[in-house]
Amino acid sequence: MTDNQLTLRKPRILVGATGSVATIKLDLLCQQLSVFAEVIEYLCDNDEWQSWQKRGDPVLHIELRKWADIFLIAPLDANTLSKFAHGLCDNLLTSVFRAWDFSNSHKIVILAPAMNTYMWDNPLTSKCLEKLQKQFKYSKIHIIWPISKQLMCKDVGVGAMEEVPKIVQAVHSQWQKCLKDNDNNNDIDTKTTAMRASQIRILVASLVLFSFCCISLRNKR
Ligand SMILES: Cc1cc2nc3c(=O)[nH]c(=O)nc-3n(C[C@H](O)[C@H](O)[C@H](O)COP(=O)(O)O)c2cc1C
């Protein structure tokens, strides 16, 4: 399916989850995303090697990367955030991220970090986020900022994963924005093609006119 047919199908969302207690919200998250999207969840590192037998067989992290329009990592823990920022890819999830097509504006990555406030406030966290920001620009990686509340360990502070409905809303609006940008680009392409066609027509007409003038001048002499 081509880029200008994106509106004809549901967005394909690959949901990645890392080692945070916020994974208890995964079922609810996928359930709510499924209302408007095709969703893949519940794959793990073993699936990567079990699905590959011989040369020519599909490699799971590459297939997932090709399939997905949106890669949502919710919750994203401090460990995997650091791996992303430093290019490590030692499991299925980090391999998909490492193989992701950041040059394609229709491929969206959305991160929903979740960690204890002490981890969140550690300067390494903002360093990793800044590194990703610089590398891929925020238009390609969207952050759903963690919120402040009583955490699972009973500490109170920033670091809890955003509430599920807000994550779903953010994913939905990023997809709508992507479709709108796609439409605008198609409009621009159509206008550019039409403009080029009329420029060519004017050029051909001018050439015909010029040749006609040359011939009449020569005949007069
Ligand atoms: C009960 C429990 C809860 C945890 N919650 C978090 C969390 O919310 N955020 C985080 O960054 N790490 C958390 N950790 C630590 C990560 O699970 C640990 O860094 C792990 O190595 C992450 O591996 P992964 O990134 O490959 O999933 C938690 C660990 C435990 C035992």
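Predicted model: local features only at pLDDT ≥ 70, side-chain atom pairs only at ≥ 80, totals over all residues.
Biologist: How do H3 and H5 lie to each other?

Modeller: The axes of H3 (residues 60-67) and H5 (residues 92-99) cross at roughly 55° and come within 9 Å, so H3 and H5 are oblique. Axes are lines fitted to C-alpha atoms, for helices over the stretch in contact, and angles run from 0 to 180 degrees between N-to-C directions. Helices (H or I, at least four residues) and strands (E, at least two) are DSSP runs, numbered from the N terminus.

Biologist: Which residues in H3 and H5 meet?

Modeller: Look for contacts (C-beta atoms, placed from the backbone, within 7 Å). H3 brings Leu60, His61, Ile62, Leu64 and Arg65, and H5 brings Leu92, Ser95, Val96 and Ala99. That's 6 nonpolar, 2 polar and 1 charged; Ala, Val, Leu, Ile, Met, Phe, Trp, Tyr, Cys and Pro count as nonpolar, Asp, Glu, Lys and Arg as charged, and the others, Gly among them, as polar.

Biologist: And what is the angle between H4 and H5?

Modeller: About 35°, with the axes 10 Å apart. On the H4 side you'll find Thr80, Lys83 and Phe84, facing Leu93, Thr94 and Phe97 of H5. This contact divides into 3 nonpolar, 2 polar and 1 charged.

Biologist: Now the sheet. What is the strand order?

Modeller: Pairing comes first: two strands pair if DSSP finds at least two bridges between them. Here 5 strands form an open sheet in the order S2-S1-S3-S4-S5, with parallel pairing. S2 (38-40) and S5 (141-143) are the edge strands, each pairing on one side only. On average, neighbouring strands are turned by 20° against each other, direction ignored. S4 (residues 108-113) pairs with S5 over 3 bridges, and isoleucine 110 has histidine 142 in S5 as its bridge partner.

Biologist: Where does helix H1 lie?

Modeller: H1 (residues 26-33) lies across S1 (12-16), S2 and S3 (70-76), and runs at about 175° to S1.

Biologist: Last one: which element gives the largest share of the shell around the ligand?

Modeller: Helix H4 (residues 78-86), with 3 residues. Overall, the shell divides into 6 nonpolar, 5 polar and 1 charged.

Terms used
Residues numbered from 1 in each chain as written. Parallel < 35°, antiparallel > 145°, perpendicular 65-115°, else oblique. Contact = placed C-beta atoms within 7 Å.
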